[in-house]
Amino acid sequence: MTLAEPTYPDDLRYHDQHDWARIEGEVATFGITWYAQDSLGEVVFYDPPEAGSIVEKDATYAEVESVKAVSDVIAPLSGEIVEVNEALADAPEKINEDPYGDGWLVKVRLTDPGEAEQLLGAADYVALLG
Amino acid sequence: MVPFAGWEMPVQYEGIREEHAAVRTHAGMFDVSHMGEVEVEGPGALAFLQRVLSNDVARVEAGGAQYSCLCNEDGGVLDDLFLYRLGGDRYLIVTNSANHGADLAWLGRWSRQLGDVAVRDVADRYAMLAVQGPHARDVVTRTLGIELPPRMRVATARIGNRPALICGTGYTGEDGVELLIDPEIAPAIWSELLDAGVVPCGLGARDTLRLEVCFHLHGNDLTPDRNPIEAGLGWCCAEGTGFVGADAVARARREGTAETLVPFTIEGAGIPRQGNPVLAGGEQAGSVTSGTFSPSLEVGIGMAYVRTDLAEPGTAVEIDVRGKRRPARIASKPLYPPKG
């Protein structure tokens, strides 16, 4: 089932719309946070964007959907999608089970790595959740 | 928790899919105390109920239950509800909470006009627990030590040493009972059933379960702008009784309706939601009134009013789900269990 306890790894950068980015050089992996997947409930559908498409910081780039609701996924940073997590098509529940690992959504080649400075560290993000 | 018609209601306890599966395979329980109850009593009760309810109330024996629509003069559905005959000329109506106040006013008006009948709001007298699933009856019998009425029957009992009503009805498509009990003892009864292994279920699972078996939700699939015929509820309308709206219903039955409520399944990805347009040949030909992900079928399902020429099961349509056209097929009721 889902991760029982709230978890916010220190090595990630967080967007206040409950998205995370793992920045490795000029490529970043995006996903949704423990809080986001917990609020949404069991994810049953992930509609991925296409590789090669452009994402813009703070704009919607995908949808995740649980039984009860659909939610837009916001890009924490800008860039071009270089890879999408195809495994989620058959196993969207990985977003609940492992939101920072197997539940990653896309990999993006960043167009403006400096934007990362606007994101939050784990402690600040947790503080935001209250 | 979410606000619902003035009540704070849980959408889920552990998770909608788990709760849904518990009801399909074992036993789940729902606190549906928000439902309204109206007692109807007196020598004029039958004549009154025949006038306000769409079904043939004369066919309900003592201890029987019946589903009906409450229609306005135009045949529009004000509410859909269960009627239980508690004894000779004593009946109980269970209303949808959002409509309870309006139903009471409507019933009060007609009762004064027809006379010889008392209509009483008894919603505060009852908490309602729906225990549903293939093992629900066993668990309730064992835990509460009471005899249960068969399906579509009602019986009186003592639960927690207080008078209670047990109804062989539900909203899930599974066997089970609905317990109308004294609100004071409801928490203790809930705990006893919980200890006996009954899984607590929220509004989320209630919606997925009822939609899989194509039970209507008033406010979504039924509204005062729709008549029972286009909603597929002609089977619970006996126009010969002369109920309020019978003329309009008879006309709709005779002449047909422009649109018809149909169940459908999405073929492939996508989860339909209320308000999504239904497309045929690229043109809008209907609108989704209820939509969700079916935990049993693992696909998007829903109900929609569509142009009647498209209502035949098997017809291919598209659902516009937030700008994406998702192929779908009109199906027959119920969607669950799957045919074949």
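## A bridge between the chains

Let's start where the two chains meet: D47(A) and R326(B) form a salt bridge through their side chains, 3.3 Å from N to O (the cut-off is a side-chain nitrogen of Lys or Arg within 4 Å of a carboxyl oxygen of Asp or Glu). D47(A) sits in strand β4 (residues 43–47) of chain A and R326(B) in strand β19 (residues 324–330) of chain B, so this pair joins two chains. Helices (H or I, at least four residues) and strands (E, at least two) are DSSP runs here, numbered from the N terminus. Both D47(A) and R326(B) are buried, where buried means under 20% relative accessible area, exposed over 50%, and partly exposed in between (1.4 Å probe, protein chains only).

## What kind of model this is

This is a predicted model: local features need pLDDT of at least 70, side-chain atom pairs count only at pLDDT 80 or more, and totals for chains, interfaces and linings use all residues. Residues are numbered from 1 along each chain as its sequence is written, chains are lettered from A and ligands numbered from 1 in the order in which they are written, and side-chain values use heavy atoms, with hydrogens and water left out.

The model scores ipTM 0.79 and pTM 0.92. Chain B has a mean pLDDT of 97, with 100% of its residues at 70 or more; pLDDT is the predictor's confidence in each residue, from 0 to 100.

Searching the whole structure turns up 30 salt bridges over all chains. One of them pairs D11(A) with R22(A) at 3.8 Å, N to O. That pair links distant parts of the chain, 11 residues apart: D11(A) is in the segment before β1 of chain A, and R22(A) is in strand β2 (residues 19–24) of chain A. D11(A) is exposed, at 52% relative accessible area, while R22(A) is partly exposed at 21%.

Over in chain B, R253(B) and E239(B) make a salt bridge whose closest N and O atoms are 2.7 Å apart. R253(B) belongs to helix α7 (residues 246–255) of chain B and E239(B) to the loop between α6 (203–212) and α7 of chain B, so the bridge ties together parts 14 residues apart in sequence. R253(B) is partly exposed, with a relative accessible area of 40%, and E239(B) is buried at 19%. There's also a network in chain B: shared partners join the salt bridges of E39(B), E41(B), R90(B), R120(B) and R125(B).

## Rings and charges

Rings of Phe, Tyr and Trp (its six-membered ring) pair if their centres lie within 6.5 Å; planes under 30 degrees apart count as stacked, over 60 as edge-to-face and the rest as tilted. Y8(A) and Y14(A) have ring centres 6.3 Å apart and planes at 75 degrees, so they are edge-to-face. Y8(A) is buried at 16% relative accessible area, and Y14(A) is buried at 0%.

F82(B) and Y84(B) are stacked instead, 6.0 Å centre to centre with 20 degrees between the planes, and both residues are buried. Ring pairs also bring Y67(B) and W235(B) into a cluster with F82(B) and Y84(B). As for charges over rings (NZ of Lys or CZ of Arg within 6 Å of the ring centre and within 35 degrees of the ring normal), R226(B) has its charged end 3.7 Å from the ring centre of Y305(B), and R109(B) lies over the face of W106(B) at 5.0 Å from the ring centre.
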